[in-house]
Amino acid sequence: MRSTQGNRNTSTRQVLHGDVDLTPIMCLFIILVPLLLVSAVFERLSALQVHLPEASTIEETEEAKEEEPTGIVELRLLVKEDGLALEATLSHDPSGKEKEIYEDVRYDFPIMGDRYDLEKLLQRLRDLKQEYPRHEEIVFLVDDKVSYDVIVQAMDTCRREYYEEGGEKKSRPLFPEVALSETFSEEKGFEGLREGTRIIDKKLGIR
Amino acid sequence: MAQNRSYKMSRTRRTQTWFAGRSPVLLTPLVDMFTILLIFLLMSYSTGGQLMYMAQNVLMPESLSREQLEPAVEIAVATDRIYVDGEVIMDDLTEWYTEKKLLMPVLYENLKLKALKFKRMEAEVPLFHFAGKITVQADRAIPFHVLKKVLYTADRADFPRISLAVFQRD
């Protein structure tokens, strides 16, 4: 009899003072927090797709031939130690139907102190994209001594344009198909290169 | 009035018994802390994405790209060594800073063997498809002529679909 009374007493007290039993929620936290901590990602990674023009397979070049003209025959970005240069071979009609008239244009963006002038490049690319909206490819011709970081920054500028509209961050593609190449192709080195793979292939037992 | 009195009484009694019976640990701040931590971690939790072996001394460049990494063979190029899938395969790159040739034989051999293995698997396992994908993590300081050799070698070794891994920037 007494024990029942005691129990009732305790339960009334718990209701009155909100003395909540925290053990289950602590158990939950102790399991969840380490689990999420272990799987937490602080540096997010993403990918940049690139193409290698000289080494492209035969199917790819065939595909390229079938593509409809976009008005730009070729768009090249020269990444040099002393700055950037944008070269384009344009056909005058943006639809690309009149192939007879070609024009070569070149815009230089010299280095400013130790920074590449990416803002001016972006402006120029934006104008080109407005004029020739269907063109998507750009070939990077990179100097040997340029660091990888500079290439990635230039690629960022050429692939997508980021802007704010009405307080919202938006982006639109400029020339997302980037092909990486060197400033001048070493035709002579090519045969020697193939010879090199042949020797290793033979060693590995591949014909 | 009577209720109020009993409340006061019970409160004093409770405090007394509580201190007498147990150690005076208050769990509330701990629960608060855990709750905040849990909310923060849940917000930064990301499903999907590709886990990647992060090589030592490789500080990748930052980019605005939001493309997802796909499962692929991973090459990591530090300023002095090259890893393939987390294993060091070339531990001295000094000669490659002056070398004129484009093909790196050790890397080529390693990748070619992997490609062969995948092709064999493709023939044996019905749902497996070898697409020649490769992910390159390279240090932001390496010059293009070293990167060019790595990319060229990968392409020659039947990995033509190259993605560069980068850190996301806002």
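Let's start at one pairing between the chains: A:Ser46 has B:Val166 in S6(B) as its bridge partner. Keep in mind as you look around that this is a predicted model.

From here, step back to the whole contact between the two chains. Chain A brings 46 residues to it, and chain B brings 51. On the chain B side, several elements each supply at least two residues: helix H1 (2–21), helix H2 (28–44), H3, strand S5 (133–138), H4 and strand S6 (161–168). Of these, H4(B) gives the most, with eight residues. By class, the side of chain B that touches chain A holds 32 nonpolar, ten polar and nine charged residues.

From H3(B) come B:Leu107, B:Tyr108 and B:Leu111, which meet B:Val150, B:Thr153, B:Ala154 and B:Arg156 in H4(B). This contact of H3(B) with H4(B) has five nonpolar residues, one polar and one charged.

Finally, turn to chain A as a whole. You will find six helices and eight strands in chain A, arranged along the sequence as α-α-β-α-β-β-β-α-β-α-β-β-β-α. Of the 207 residues in chain A, 18% are buried. Among contacts in chain A with a separation of 6 or more, 63% come from residues 24 or more positions apart.

Terms used. Residues are numbered from 1 along each chain as its sequence is written. Chains are lettered from A and ligands numbered from 1 in the order in which they are written. This is a predicted model: local features need pLDDT of at least 70, side-chain atom pairs count only at pLDDT 80 or more; totals for chains, interfaces and linings use all residues. Two residues are in contact if their C-beta atoms, placed from the backbone, lie within 7 Å. Helices (H or I, at least four residues) and strands (E, at least two) are DSSP runs, numbered from the N terminus. Ala, Val, Leu, Ile, Met, Phe, Trp, Tyr, Cys and Pro count as nonpolar, Asp, Glu, Lys and Arg as charged, and the others, Gly among them, as polar. A residue is buried if 20 or more other C-beta atoms lie within 10 Å of its own, exposed if 12 or fewer, and partly exposed in between; C-beta atoms are placed from the backbone. Two strands pair if DSSP finds at least two bridges between them.
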